[in-house]
Amino acid sequence: MKKLILPAAVSVCIAVSCSKTEIFPAASSEGVTVAFAMDEKESTKSHIQADGLSSEWENGDRLRVWAMNSAGEYILDACPFVVYGVSGDKAIFTATLAEAMPTGRYSYFACSPEPKSLLSTTATFEIPSVQDGKVSSGADILVAEPTLADALLPVENLSDYTRLGVKMNHLLHHFRFFLAESDNPFGNEKIERMVLEFSEPVTGTITTDITSPISSTS
């Protein structure tokens with residue numbers, strides 16, 4: 001789709017070639033809780049803050065995580081993790097597994113937000129044509145660089161998390177623009193929304209293999 005609608009807030013993502021200290025729930029007979037942390041300074045977040053420049057993970061943000069062992073088997077296969085919170089300079093994500101991960105080294109892959117559909121490691125996302133200017137609600141797509149790390153350990157409190165040196169990259173480009181008051185051709189008239197048209201599709205669906213993210217759009 002070549003048209004994009006957004007409010008006067010002017011952050012937009014397009015598909016062109018871009019704290020708390022609570023206790024974790026204890027493991028139960030229904031599964032094992034695991035958690036991992038990403039350094040805020042090393043990871044890319046999902047939500048643009050009010051200053052239009054910095055970003056942060058939001059409540060309710062979710063990651064899909066894959067973990068492949070040395071035999072090429074996926075012990076975690078698109079497992080959903082949710083933001084638990086932020087402790088110091090770390091963002092912490094948690095999930096409940098049916099059983100603990102076997103000890104060993106794994107190749108980890110991840111993406112956010114929730115894909116529209118999944119086929120093995122191929123994820124399809126929907127880029128909305130109406131955006132809120134904060135690149136939230138699925139308007140930005142993050143894919144992790146492959147990361148080698150140990151198994152995620154069961155946790156009972158905040159200090160038990162496993163640290164993953166995951167680096168999340170934007171799959172889309174993000175740009176922002178503004179009208180200076182002195183150059184505003186509309187005078188005092190309020191701007192409520194903007195409609196942008198492009199020569200190539202910038203919304204719709206985008207598909208990528210999260211193990212080797214090269215995007216294609218439609």
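This report describes the fold, the cavity, the aromatic pairs and selected backbone features of a predicted protein model.

## Overall composition

The predicted model contains 19 strands and zero helices. The protein has 218 residues, and 42% of them count as buried. Its accessible surface comes to about 11,500 Å², with 50% of that area belonging to carbon and sulfur atoms.

## Cysteines

A disulfide is a covalent bond between the sulfur atoms of two cysteines. The structure holds zero disulfides. Cys79 counts as buried because its relative accessibility, 12%, is under the 20% limit. Cys111 is also buried, with a relative accessible area of 0%.

## The largest cavity

The largest cavity holds about 40 Å³ of space. Its lining consists of Phe36, Val65, Tyr108, Phe109, Ala110, Leu164 and Val166. By residue class, the lining divides into seven nonpolar residues, no polar residues and no charged residues.

Strand 9, which spans residues 105–112, supplies three residues, the largest share of this lining. Two of the lining residues, Phe36 and Tyr108, return in the account of the aromatic rings below.

## Aromatic pairs

A pair of aromatic rings is described by the distance of the centres and the angle of the planes. Across the whole structure, a search finds three aromatic pairs. One of them joins Phe36 and Phe93, whose ring centres lie 5.4 Å apart with 20° between the planes, a stacked arrangement. This pair links distant parts of the chain: Phe36 belongs to strand 3 (residues 32–39) and Phe93 to strand 8 (residues 90–97), and the two are 57 residues apart. Phe36 is buried, at a relative accessible area of 2%, and Phe93 is buried as well, at 0%.

Another pair is made by Tyr106 and Tyr108, with ring centres 6.2 Å apart. The planes of these two rings meet at 55°, so the pair is tilted. Tyr106 and Tyr108 are both buried.

## Backbone features

The peptide bond from Ser112 to Pro113 is cis, and its omega is near 5°. Pro113 is found in the loop between strand 9 and strand 10.

Two residues other than glycine with positive phi deserve mention. Ala78, in strand 7 (residues 74–87), has phi near 55°, a positive value in a residue other than glycine. Ala78 counts as buried because its relative accessibility is 7%, under the 20% limit. Ser120 has phi near 60°, again a positive value in a residue other than glycine. Ser120 is found in the loop between strand 10 and strand 11 (122–127). Ser120 is exposed, since its relative accessible area of 55% is over the 50% limit.

Leu118 has its place in strand 10, which covers residues 117–119. At 34% relative accessibility, Leu118 counts as partly exposed, because this value falls between the limits of 20% and 50%. Along the chain, Leu118 and Asp209 are 91 residues apart, whereas their C-alpha atoms are separated by 9.7 Å.

Key:
Residues numbered from 1 in each chain as written. Predicted model: local features only at pLDDT ≥ 70, side-chain atom pairs only at ≥ 80, totals over all residues. Heavy atoms only, no water. Helix = DSSP H or I, 4+ residues; strand = E, 2+ residues; numbered from the N terminus. Buried < 20%, exposed > 50% of the residue type's maximum accessible area, 1.4 Å probe, protein only. Areas by Shrake-Rupley, 256 points an atom, 1.4 Å probe, with all protein chains shown as cover. Disulfide = S-S within 2.5 Å. 1 Å grid on protein atoms, 1.4 Å probe; cavity = no way out; pocket = protein on both sides within 12 Å on 5 of 7 lines; lining within 4 Å. Points joined across faces, edges and corners; volume = space filled by probe spheres on them. Nonpolar A, V, L, I, M, F, W, Y, C, P; charged D, E, K, R; others polar. Phe/Tyr/Trp six-rings, centres within 6.5 Å; stacked < 30°, edge-to-face > 60°.
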